[in-house]
Amino acid sequence: MHGYTASTVPTPAVPPTASPHLVDLRDLRLETAQALVGASAQSPEAAAPERYLQELIDGLCELSLKDPLTGLANRRYFLSVLEREIDRVARSGESALLLLLDIDHFKTVNDTHGHIAGDRVLQDVARTLSTCVRPMDTLARYGGEEFAVVLPGCQAAFGHIVAERIRMAIEKTPVRIAPSKELHITISIGGAFALQWIRSTTSLWVDRADLQLYKAKSAGRNRVHLEEEPSSTVTAEEKGLLFGTLYPPSGWGDLPPQDPTDSAF
Ligand SMILES: Nc1nc2c(ncn2[C@@H]2O[C@H](COP(=O)(O)OP(=O)(O)OP(=O)(O)O)[C@@H](O)[C@H]2O)c(=O)[nH]1
């Protein structure tokens with residue numbers, strides 16, 4: 001974020017309809033912004049208001065994409081990345097892995113050590129996770145104590161290795177919540193690959209990974225569960241996305257209904 005605060009930003013020369021000297025960013029409205037832009041074009045100090053506006057826009061963009069506690073991408077941004085990834089995989093047939101990572105027994109951390117310690121755990125876990133991913137991967141805080149990462153170009157053969165490496169990194173990195181108090185944190189990980197050549201949806205992809213996360217939790221936590229055969233778990237909805245009305249939702253590989261009057265048969 002930029003170093004300005006909400007109430008101390010000096011305004012450039014503005015028309016009388018806009019506020020006189022200071023603009024509280026929380027109160028900034030479209031008309032005010034338009035007035036600032038209009039004035040900046042005519043003002044002899046044109047450079048300053050433009051810089052101000054650019055900083056304002058940059059700051060607002062950053063706010064809208066980042067999780068304030070951890071500095072990671074937020075859910076909204078992550079879903080837009082997933083959307084793009086689905087597109088890419090559908091066009092290129094390359095692989096991509098989605099991992100959902102959830103801190104184990106996090107409620108106990110909050111209940112035992114307090115919310116501030118819980119926040120510290122979230123920040124430290126985020127930092128450790130950041131060291132485990134490649135620059136091309138997108139890591140996000142997906143919800144309360146849940147994180148997500150999408151790994152473009154991750155082959156099925158390597159998925160488990162990558163996820164296991166992340167799990168172990170968290171397991172062997174204690175979180176210091178006080179000078180003499182360290183917590184040992186674990187995470188459960190569920191993962192699913194994007195369906196190659198199929199334009200699925202973000203929610204179906206997330207649901208798949210979530211099912212695996214549920215299995216990892218149910219199996220005892222601190223473990224990785226990845227979908228085995230992505231193509232064997234294609235849902236009826238996804239078959240519809242691929243084949244439209246050609247194939248009935250009864251089963252993968254069903255033949256389209258034959259029209260006896262069609263000479264092609
Ligand atoms: N400190 C802190 N706690 C949060 C935040 N967001 C969510 N939580 C807490 O995360 C906890 C999640 O608890 P549960 O959903 O029961 O999950 P859990 O205790 O980790 O249990 P399992 O996931 O089943 O291992 C709740 O106590 C929430 O209050 C946050 O930003 N900061």
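Helices (H or I, at least four residues) and strands (E, at least two) are taken here as DSSP runs, numbered from the N terminus. The model is a predicted one, in which local features need pLDDT of at least 70 and side-chain atom pairs count only at pLDDT 80 or more, while totals for chains, interfaces and linings use all residues. Residues are numbered from 1 along each chain, as its sequence is written.

**Helix H7 and Asp 207**
- Asp 207 belongs to helix H7, which covers residues 202-218.
- Asp 207 counts as exposed because 12 other C-beta atoms lie within 10 Å of its own, where C-beta atoms are placed from the backbone and a residue is exposed at 12 or fewer, buried at 20 or more, and partly exposed in between.
- Between the C-alpha atoms of Asp 207 and Ala 157, which are 50 residues apart along the chain, the separation is 22 Å.

**Strands S4 and S5**
- In strand S4 (residues 138-141), Thr 138 and Ala 140 point one way, whereas Leu 139 and Arg 141 point the other way, and all are buried.
- In a regular strand, the side chains alternate between the two faces of the sheet.
- S4 pairs with strand S5 (residues 146-152) in the antiparallel sense over four bridges, where pairing requires that DSSP finds at least two bridges between two strands.
- Arg 141 stands opposite Phe 147 in S5, and a hairpin through four residues joins S4 to S5.

**Around the ligand**
- Strand S3 (96-103), helix H4 (106-113) and helix H5 (115-132) each supply at least two residues of the shell around the ligand.
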